[in-house]
Amino acid sequence: MALDQSFVGRTYPPTSPYEVGREKIREFAEAVGDANPAYTDPDAAKALGHSDVIAPPTFAFAITFKAAEQVTQDPQLGLDYDRVVHREQKFAYTRPVGAGDRLIVTSTIESIKSLAGNDVLDIRGEVHDEAGAHVVTAWTKLVARAAEEA
């Protein structure tokens, strides 16, 4: 059954603050194989004008995807998450995520489309720091595969 188009534009409550730690940044950089010293060495990050280590650009996915669970787990939306695959991700940064940031995410359903029986769901995650300053916007595209015929 196709997802309800009336959910387009629905915004979910902001998340609790997520505190970005140096160790989480280091672990993420190692996991994605990025040896940029700005991700692990505070002095290298400071030499580039940052106050502490910064996170690789895709680090925001971990925060925004967790926040998007408000959307994907919304029983009123009716998304069958067992059939979902992650199709696409993109980011638009105002500034890098850095150690010590406390980030809040607000998720909005941007679009719902039905293609060949599959539901395509676009979720926008707006990430702000505790002072309310924009840090990054993340767009996540999910596809819920059509149910197989019996």
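Colleague: Why does Glu110 count as partly exposed?

Modeller: In this predicted model, the relative accessibility of Glu110 is 33%. A buried residue must be under 20% and an exposed one over 50%, so at 33% Glu110 counts as partly exposed.

Colleague: What makes the meeting of Arg124 and Glu110 a salt bridge?

Modeller: The distance from N to O is 2.6 Å. The cut-off is within 4 Å, for a side-chain nitrogen of Lys or Arg and a carboxyl oxygen of Asp or Glu, and therefore the pair at 2.6 Å is a salt bridge. This pair links distant parts of the chain, with Arg124 in strand E4 (residues 118-129) and Glu110 in strand E3 (residues 102-115), 14 residues apart.

Colleague: And how do you know that the side chains of Glu126 and Arg124 meet in a salt bridge too?

Modeller: By the same test: 2.9 Å from N to O, against a limit of 4 Å. So Arg124 takes part in a salt bridge with Glu110 and in one with Glu126.

Colleague: Is Glu126 buried or exposed?

Modeller: Glu126 has 19% relative accessibility. The limit for buried is under 20%, so Glu126 counts as buried.

Colleague: Which residue forms a salt bridge with Asp52?

Modeller: That is Arg22, and the closest N and O atoms of the two are 2.9 Å apart. Here too distant parts of the chain are linked: Asp52 lies in the loop between helix H2 (42-47) and helix H3 (60-67), whereas Arg22 belongs to helix H1 (residues 22-31), 30 residues apart.

Colleague: Why is Asp52 called buried, and why does Arg22 count as partly exposed?

Modeller: Asp52 has a relative accessible area of 16%, and under 20% is buried. Arg22 is at 45%, which falls between the 20% and 50% limits, so Arg22 is partly exposed.

Colleague: How many salt bridges does a search of the whole structure find?

Modeller: It finds 12. There is also a network of salt bridges that links Glu19, Arg102 and Glu130.

Colleague: Which residues of H1 are buried?

Modeller: They are Ile25, Phe28 and Ala29. Around the axis of H1 they cover an arc of only 100°, and therefore they are on the same side of the helix. The exposed residues Glu30 and Ala31 are on the face of H1 turned away from that buried side.

Colleague: What about H3, and which of its residues are buried?

Modeller: Ala60, Ile63, Thr64 and Ala67. Seen down the axis of H3, they fall within an arc of 85°, so they line one face of the helix. Among the elements covering them are helix H4 (69-72), E1 and E2.

Colleague: What makes E1 and E2 edge strands?

Modeller: The open sheet has five strands in the order E1-E3-E4-E5-E2, with antiparallel pairing. Strand E1 (18-19) and strand E2 (84-93) each pair on one side only, as edge strands do.

Colleague: How many bridges join E2 to strand E5?

Modeller: Nine, and the two strands run antiparallel. Pairing needs at least two bridges, so with nine E2 and E5 count as paired. Across them, Val84 stands opposite Ala144 in E5. H3 packs on this sheet, where it touches E1, E2, E3, E4 and E5, and its direction makes about 125° with that of E2.

Colleague: Which residues have the most contacts inside the largest nonpolar core?

Modeller: Val20, Ile25, Phe59, Val97 and Leu103, in a core of 21 residues. H1, H3, E3 and E5 are the elements giving two or more residues to it. A second, separate core has 14 residues, including Phe7, Val84, Ile109 and Leu142.

Colleague: Why is Ala116 called exposed?

Modeller: The relative accessible area of Ala116 is 79%. Exposed means over 50%, so Ala116 is exposed. Ala116 is in the loop between E3 and E4, and has a positive phi of about 50° although it is not a glycine.

Colleague: Last one: how many helices and strands does the protein have?

Modeller: Four helices and five strands, which run β-α-α-α-α-β-β-β-β from the N terminus on. Of the 150 residues in the protein, 39% are buried.

How values were computed. Residues are numbered from 1 along each chain as its sequence is written. This is a predicted model: local features need pLDDT of at least 70, side-chain atom pairs count only at pLDDT 80 or more; totals for chains, interfaces and linings use all residues. Side-chain values use heavy atoms; hydrogens and water are left out. Buried means under 20% relative accessible area, exposed over 50%, partly exposed in between (1.4 Å probe, protein chains only). The arc is that of the directions from the helix axis to the C-beta atoms. Contact means heavy atoms within 4.5 Å. Axes are lines fitted to C-alpha atoms, for helices over the stretch in contact, and angles run from 0 to 180 degrees between N-to-C directions. A nonpolar core is a set of buried Ala, Val, Leu, Ile, Met, Phe, Trp, Tyr and Cys residues joined through side-chain atoms within 4.5 Å.
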